[in-house]
Amino acid sequence: MSKITYQTLLNTEVTEFCDLIGGFFGKIERDLYKDLEKGKKLNYLKKSYQIKYGINARQFNSIHIILKGKIASRKECYKSQIKQTELKIKGLEKTIETEKKKLAKLPLSCGRNQKSVRSKLRFTIHQKQRKLATLKDRLVTLKKNKPSLVFGGKKLWYAQFNLKENGYSSHEEWLKDWQKTRSSQFTLVGSKDETNGNQNCQLLPQGLKIRVPPCYESIFGKYYLIENVKFSYGQSDVNYALNNQQALTFRFVKKGEKWYLYCSFDLPETPIISYRKNGMLGIDLNPNIIGWSYVDNEGNLKAKGQIKINVRDKSTNQTTAIIGDAVKKLVKLAYQYECPISVENLDFERKKATMKEEGVKYSRMLSNFAYSCFLDMLNSCAFKHGIEVIKVNPAFSSLIGLTKFMRLYGLSSDTAAALVLARRALRKKESIPTNYARLIQVDSSRHVWSFWNALNKKLKGVKRHSFFSVSNREVEVKLLDELHSNRFNSKSKDTFTAR
């Protein structure tokens, strides 16, 4: 099942109550973390904490579940840090090797008034080697140290050592902000076997009824009622969850001086309406445009189109709105065709780790295009409408689209790549066109992707618009001329076999 979360703003009357409970639960959570790190047993801690802090078993379970999630998240972040550092080292080593080869080919110069190209390149290599040494030291430190969990965030914690630079006039001002941040949220986890899906926090027609910890009963009573709690978006889904005995988890979060309520629960299973016999909708994601192509179950192109997007220099809310509109259009298309959606299975974590060495343009593309946001929204929207989302390997999809389908159907490069992704999800094999097969060595015992890899090296640097040329077939003629010229001069060892 997929979870969904809706939020609503609470009135200012709850500030005192939420501030006290947030600080109280935060203190218990930090103490529990210390005791667990010492190796104390959870069952013993559960009994002792109920007596020590005056909380019930479900309140303790809520605190422990959230803490367990934070610990697991920190461990995953720690693994990601190590992986990112290793990828950066690998990318930097590759760049340094390339720069050294470039330096070896440069002629000697004796310029006096300005730095020579060689000296500039040597300086670049030197700086990259310094950066490489720093990364290797960081990797050793990461692997040696145990990941720590800082309640309140490391950024705010380190701000106390540079007060003026971080906008604080005194340590007392920072401490007040630090304590406020550590008390800015608390969660009450629900269960299916409890009344209204949650024993400690129940959404009723008159409002939100919260079980008060015994230590605060003298101030607020046994139960605290927050009146008129409504969700502007998703109230019907919340009502459905209540009427069908689903577990509801309520999370209270303070932003600025206002408290927000988040309600999370499982979405009901939606029957799948998309079938591969109806074809496939392929999607090719780009920073400024999304290309899509619809094929039938035999892989024949039936429809195509583009959705323009621009998330550069946009705020988070603007980016979310732009991507959300694009996702709705794509899911609507799949709903009309009653077919699954095929998307690239990209490892953007790996790409972003080495993007500094790829140049400014490439770095800007990856930074500005919220791929993970798009994929999350697509999965969520498709799930609601019963549409299956299939991830496929994007290897050589652009090259296959350029050389095989772009001129054939009169497509743009993005819609041609989308066509390849749709066919790949249908498990269609893409052989190399005959006119390009002459340029490489063909061996039927090898996988077809090895041929595409060889062709990719041959076509490296060729402009995309060249593949659209019909007269004289500009790309093939040029490459064949070069190949024959090399063979005639006996400067090339490459051979080719025509199909």
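How many bridges join strand S8 to strand S9, and in which sense do the two strands run? In this predicted model, S8 (residues 280–285) and S9 (residues 289–295) are antiparallel and are joined by six bridges. Within this pairing, Gly282 has Ser293 of S9 as its bridge partner.

The two strands belong to an open sheet of five strands, arranged in the order S10-S9-S8-S11-S12 with mixed pairing. The edges are formed by strand S10 (301–308) and strand S12 (389–392), each of which pairs on one side only. From one strand to the next, the twist averages 25 degrees. In a regular strand, side chains alternate between the two faces of the sheet. Helix H14 (residues 413–425) lies across S8, S9, S10, strand S11 (341–344) and S12. The direction of H14 is at about 45 degrees to that of S9.

Helix H14 also packs against helix H13 (397–409). The axes of H13 and H14 come within 8 Å and cross at roughly 110 degrees. Because angles of 65 to 115 degrees count as roughly perpendicular, H13 is classed as roughly perpendicular to H14. On the H13 side, the contact is made by Ser397, Ser398, Ile400, Gly401, Leu402, Phe405, Met406 and Tyr409. The residues contributed by H14 are Ser413, Ala416, Ala417, Leu419, Val420, Leu421, Arg423 and Arg424. By class, the contact of H13 with H14 comprises ten nonpolar, four polar and two charged residues.

Two residues in the loops around these helices have positive phi values. Phe396 lies in the loop between S12 and H13. The phi of Phe396 is near 60 degrees, a positive value in a residue other than glycine. Arg427 is located in the loop between H14 and helix H15 (434–437). For Arg427, phi is near 65 degrees, again a positive value in a residue other than glycine. Arg427 has a relative accessible area of 75% and is therefore exposed, since the exposed class covers values over 50%.

Further pairing involves strands S2, S6 and S7. Strand S2 (residues 185–188) pairs with strand S6 (residues 249–255) in the antiparallel sense over four bridges, and Gln185 stands opposite Val253 in S6. S6 additionally pairs with strand S7 (residues 258–266), in the antiparallel sense and over seven bridges. The bridge partner of Lys254 in S7 is Trp259. S6 and S7 form a hairpin, with two residues between the strands. Gly256, in the turn of this hairpin, has a positive phi of about 70 degrees.

Val117 is found in helix H4 (residues 117–144). The relative accessibility of Val117 is 57%, so that Val117 counts as exposed. Val117 and Pro107 are ten residues apart in sequence, and their C-alpha atoms are 9.3 Å apart in space.

Terms used:
Residues numbered from 1 in each chain as written. Predicted model: local features only at pLDDT ≥ 70, side-chain atom pairs only at ≥ 80, totals over all residues. Heavy atoms only, no water. Pairing = 2+ DSSP bridges. Axes fitted to C-alpha atoms, helices over the stretch in contact; angles between N-to-C directions. Contact = heavy atoms within 4.5 Å. Buried < 20%, exposed > 50% of the residue type's maximum accessible area, 1.4 Å probe, protein only. Parallel < 35°, antiparallel > 145°, perpendicular 65-115°, else oblique. Nonpolar A, V, L, I, M, F, W, Y, C, P; charged D, E, K, R; others polar.
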